[in-house]
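Good morning, and thank you for making time for this item. I would like to take the group through the salt bridges of one model. Please have the structure open as I speak.

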Amino acid sequence: MDEILSKQHYRRTFFGVVALVLLLALITRFFVLPYFDPAQKMTGAALLGSFLDNLVVSLLLAVFLGAFVFWLTPNIVRRSAVEVIAPKQISPLLKSATSATRSWIYKGACGRYTRATTIPKLAETARTEGIGRDITICVLNPMNDSLCTEYATYRRSLKSGSSGTAWTRQVVQEEVIATAITALKFQFSEPLLRIRVFFVDHFSAFRLDIADQYVVVTKEEKEASALRADSGTYFYDSYKDDVRLTERQSREMICCGKLEFSDQVDEAKLREAIKCADLFSEHRLGELNLARVLNCVNAPGNPY
């Protein structure tokens with residue numbers, strides 16, 4: 001029942017079916033049964049009285065069973081609850097969290113959704129409320145060629161890798177650099193945001209988005225379900241500890257000085273930011289499609 005009521009598209013169907021069954025039951029009770037057996041005829045007052053009697057009994061029974069199950073459930077089970085999230089609910093769930101959280105942690109590969117939706121939404125909320133936000137981003141190390149090659153191979157092996165831009169080492173590096181530049185742009189343009197970026201030398205099939213309310217664990221496939229663990233549960237705390245360990249083993253992006261960004265980043269500013277934050281070797285910039293990086297920064301697309 002929890003699984004059904006927690007998802008909007010299941011909830012509509014469930015209540016629709018219940019209403020239809022209830023309507024058929026009332027028609028049968030008031031019109032069909034009295035037709036075959038006049039003794040079964042019942043007035044509205046009699047039906048209401050019977051309904052109230054059954055309601056009291058059902059309510060007492062539900063309260064007793066709920067308390068009994070709660071008493072039998074060990075604390076460790078209640079604290080380790082994980083919910084499966086349908087693919088259609090992932091994006092609304094992430095967007096909902098950005099409106100209320102004061103901090104956000106992302107651990108993944110390229111951070112496309114983070115730069116396209118999460119950071120701008122957190123910046124907007126911070127400006128509206130006048131209260132700062134802390135953002136931590138863990139992405140692949142763009143200067144680790146073998147790592148980016150391995151990740152590109154992994155993405156090509158997925159169903160989603162057969163459409164859109166072909167995943168190569170250069171594409172992975174361009175995506176990561178675009179996320180890092182976006183983080184720099186918002187860090188210097190939005191004084192209420194504190195953004196830290198870490199470059200990781202390994203990758204996982206799973207991504208973590210951790211807000212104050214819950215953590216959402218996703219995979220690269222759009223059709224894959226996600227996992228949700230609420231704040232205060234064992235898994236929520238464990239995922240936050242996992243990010244802390246990752247930070248200790250990673251290189252943090254440190255900018256050489258203050259950068260000035262306009263609404264649209266041009267190639268000169270892109271090159272300056274890459275050099276200042278040591279995102280990629282300057283003599284190898286010719287390997288990258290800087291026009292594509294600029295497009296990812298200035299017009300990011302939502303992967304969901």
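I shall begin with the conventions, then turn to the individual pairs.

This is a predicted model, in which local features need pLDDT of at least 70 and side-chain atom pairs count only at pLDDT 80 or more, while totals for chains, interfaces and linings use all residues. Residues are numbered from 1 along each chain as its sequence is written, and side-chain values use heavy atoms, with hydrogens and water left out.

How many salt bridges are there? Taking a salt bridge as a side-chain nitrogen of Lys or Arg within 4 Å of a carboxyl oxygen of Asp or Glu, the count comes to 18.

Let me start with Arg292. This residue belongs to helix α11, which spans residues 290-298; helices here are DSSP runs of H or I with at least four residues, numbered from the N terminus. Which residues does Arg292 contact, once neighbours within four places in sequence are set aside? They are Thr165, Val171, Glu174 and Glu175, where contact means heavy atoms within 4.5 Å.

With one of these, Glu174, the side chain of Arg292 forms a salt bridge at 3.3 Å, N to O. Glu174 sits in helix α8 (residues 169-189) and Arg292 in helix α11, so the pair ties together parts that are 118 residues apart in sequence.

Is Arg292 buried or exposed? I use buried for under 20% relative accessible area, exposed for over 50%, and partly exposed for values in between, with a 1.4 Å probe and protein chains only. Arg292 counts as buried because its relative accessibility is 19%. Glu174 is likewise classed as buried, at 4%. The pair also belongs to a network of salt bridges that links Arg115, Glu174, Glu175 and Arg292.

The next pair is Arg284 with Asp145, whose closest N and O atoms are 3.0 Å apart in a salt bridge. This pair links distant parts of the chain, 139 residues apart: Arg284 is in the loop between α10 (267-276) and α11, and Asp145 is in helix α7 (residues 145-156). Arg284 has a relative accessible area of 15% and is therefore buried, whereas Asp145, at 26%, is partly exposed.

Finally, Asp230 and Arg228 form a salt bridge through their side chains, at 2.7 Å from N to O. Asp230 is partly exposed, at 34% relative accessible area, and Arg228 is partly exposed as well, at 21%.

Terms used
Helices (H or I, at least four residues) and strands (E, at least two) are DSSP runs, numbered from the N terminus.
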